[in-house]
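Trainee: I'd like to go through the aromatic contacts in this one. Can you show me the model?

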Amino acid sequence: MDQRKPPATEEGWYALHDCRSIDWDAWREAPQRVRDRALSEGIGFLDAYEAVEDAEEGQTAVYTVMGHKADIMILHLRPTMGDLDAAERHFEQTEFAAFTEREFSYVSVTEASGYTEKSREYFEGEVDDDSGLAQYIQARLHPDVPDDEFVCFYPMSKRRQPDQNWYDTSFEERAAHIKRHGDIGRTYGGDVNQMIAGSIGFDDWEWGITLWSDDMRHIKELLTEMRFDPSTSQFAEFGPFYVGRRFDPSELPAVLAGQRVPTDDESVPETPADVAEHEHAPTDAGASHSHAEEPTASDAQAGAHAGGDTDSHGSAHPGSASEGDHPHSEESSDGDDSGSSSSSGGRPDVSADFEEVDDAAQRLGRLGLHEGEAYDAGDYALVFHSSADAEDIVDDVSDLESSFDHYDRHVQTAVRADSGQTYVVSIWTAKDAAETAAGFLSDIDGVEEQLGGPLGEGAESSETEDGSEAQTAESSQSIRETLESAGVYAGQPHGEDVYALVVYSEADAETLDEEVADLRSAFDRYDTHVQTTVYGDTDGDVSAVASLWDTEDAAQTASDYLTDLPGVVGRHGEGDGFGTMGMFYTVKPEYHEDFVEKFDTVGGLLEEMDGHRETSLLFNHDDENDMFIASQWDSQEDAMAFFRSDDFSETVDWGRDVLADRPRHVFLA
């Protein structure tokens with residue numbers, strides 16, 4: 001038998017379809033702190049990769065997956081295999097990845113091949129680079145992922161049976177099949193976009209096919225028609241099909257909450273968590289936003305991802321040029337796929353407008369709600385007047401309150417009556433949470449006047465009777481928000497998120513490590529234990545054991561054991577002053593020395609600040625790139641002054657490329 005002639009090919013971007021299932025049992029059982037961090041890091045990863053911050057060019061999109069095969073699919077397109085390799089491993093470093101299991105993945109490369117005379121001119125170099133055909137083929141090799149709502153991905157191969165072997169047919173016969181199949185595909189132009197990626201030698205099948213549409217019926221109709229074409233009926237073998245819907249990374253909390261991913265053609269309300277403003281940074285930048293700490297409604301749902309004109313992104317519709325040996329393929333008759341309309345997409349804003357007032361506390365007082373009993377100074381209240389009878393809306397408000405109670409920022413939501421008037425009151429620890437809650441409260445029957453306002457200010461300091469200034473910290477929420485605005489995660493002083501204990505010792509780190517190893521084994525038996533680590537400085541003058549716990553009681557119990565360690569000289573909270581602020585960092589190995597130098601620079605700035613006592617850089621005895629900074633201050637306000645400074649903001653920006661994981665700052669006094 002004569003040697004058969006393969007088509008000429010050209011390759012473009014490398015593709016990875018990464019299909020994951022969610023461990024729903026683990027997700028439900030995880031502490032809220034862990035879920036919040038996982039969502040933050042998941043959103044940060046997806047945001048950064050959709051923005052292609054990891055490479056010079058490419059595309060990334062994320063989809064839900066329907067059915068039992070997976071829950072989400074992340075699609076990466078990148079210029080090199082190395083880019084895909086890094087993306088795959090980077091995701092595994094996120095807290096969110098710990099709640100997923102890979103069910104399926106596929107590696108391929110976008111491909112153009114020439115079966116027609118026109119395409120052969122391109123591969124033989126007879127077409128100018130700026131010609132319509134050349135630009136068209138390059139667009140197929142470097143596609144934009146369309147905004148279409150639905151995706152359908154499947155791998156396929158050409159059949160190689162004795163009487164149905166694609167590779168034993170002549171070039172001319174294969175070209176005829178491709179042309180006829182392409183003619184079918186072109187009739188769906190504008191309804192279905194496609195990407196063909198070759199995978200011979202890359203994966204178990206020969207091609208990976210990705211189809212997009214705003215209506216899955218178009219994809220079904222297209223594939224049904226093609227099944228009856230001989231190029232498919234005689235020569236095609238198909239792998240598993242994965243069907244999903246695109247969503248924006250910021251909608252990950254809604255996806256995990258089982259709510260509907262938004263669409264542009266439905267105006268149903270979203271969860272406030274989806275609507276709240278997010279400023280996501282890459283996971284190594286240390287960003288940690290409490291995405292789940294926003295109100296939601298039990299009946300809230302969202303539309304699908306904003307769709308766009310199917311031709312707006314240059315993605316090939318079935319039957320387009322340069323789609324390889326796949327039966328959907330064929331060269332365009334003129335090489336000009338110049339659709340240019342686009343859709344910006346986006347999500348509807350469900351937050352409601354309300355008038356901000358200065359007398360919110362007085363209004364609550366008239367309704368029997370007072371500071372210290374119903375709320376704390378610094379909270380934010382919504383007071384909505386309704387023309388409906390209180391009895392008629394109490395059930396609806398109660399349902400909303402039950403949903404709001406899932407979020408730490410919610411204080412209370414209730415129906416109140418005064419002088420025959422009905423009011424809906426909702427109190428939150430932060431204005432932005434109240435703003436998004438307002439969108440749901442405004443849907444309550446009869447709501448007319450909508451007011452909101454702060455409930456006083458958190459105490460900064462107070463004077464004792466003898467005139468001395470008493471130590472009073474800013475509110476826990478204020479501390480968290482202040483540090484979040486700088487792009488870092490903040491624990492709270494005896495707060496709900498994590499409880500930390502640091503024990504200092506005159507013993508060297510190696511001796512401490514032996515003692516702590518036994519304690520750590522015992523601690524690990526408890527779900528409330530986060531980590532216990534030995535840190536020491538390079539000179540051996542200072543050693544510390546840092547132990548993090550989910551609950552205050554567990555931390556206090558652990559302290560009884562930790563203070564029995566050799567050479568203990570003190571622990572946080574003892575003596576006067578604010579005490580210790582612990583800062584945990586994990587640094588990329590190649591930046592270790594840079595980080596140490598940066599600490600020396602920042603340390604010089606700290607020494608000049610009011611209220612600063614001492615700051616030490618300590619290293620994990622087992623991993624020098626895991627570091628703990630112990631910083632001693634007269635007061636918490638003095639410590640916060642540094643975090644509000646431009647110097648700290650610059651340090652955060654610098655750390656985005658240096659840190660290997662999200663930093664944690666925990667106030668220990």
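Predicted model: local features only at pLDDT ≥ 70, side-chain atom pairs only at ≥ 80, totals over all residues.

Trainee: How many aromatic pairs does a search of the whole structure find?

Mentor: The search turns up 18. Rings of Phe, Tyr and Trp (its six-membered ring) pair if their centres lie within 6.5 Å; planes under 30 degrees apart are stacked, over 60 edge-to-face, and the rest tilted.

Trainee: Why is the pair of Phe45 and Phe91 called edge-to-face?

Mentor: Their centres are 5.2 Å apart and their planes sit at 65°, so the pair is edge-to-face. Phe45 is in helix α2 and Phe91 in helix α3, 46 residues apart.

Trainee: What makes Phe45 count as buried?

Mentor: Buried means under 20% relative accessible area. Phe45 has 0%, so it's buried, and Phe91 is buried too, at 2%.

Trainee: And why is the pair of Phe104 and Phe153 tilted?

Mentor: The centres are 6.4 Å apart and the planes at 50°, so that pair is tilted.

Trainee: What puts Lys158 over the face of Trp207?

Mentor: A charge sits over a ring if NZ of Lys or CZ of Arg is within 6 Å of the ring centre and within 35 degrees of the ring normal. Lys158 lies over the face of Trp207 at 5.6 Å from the ring centre. Arg227 has its charged end over the ring of Phe238, 4.2 Å from the centre.

How values were computed:
Residues numbered from 1 in each chain as written. Heavy atoms only, no water. Helix = DSSP H or I, 4+ residues; strand = E, 2+ residues; numbered from the N terminus. Buried < 20%, exposed > 50% of the residue type's maximum accessible area, 1.4 Å probe, protein only.
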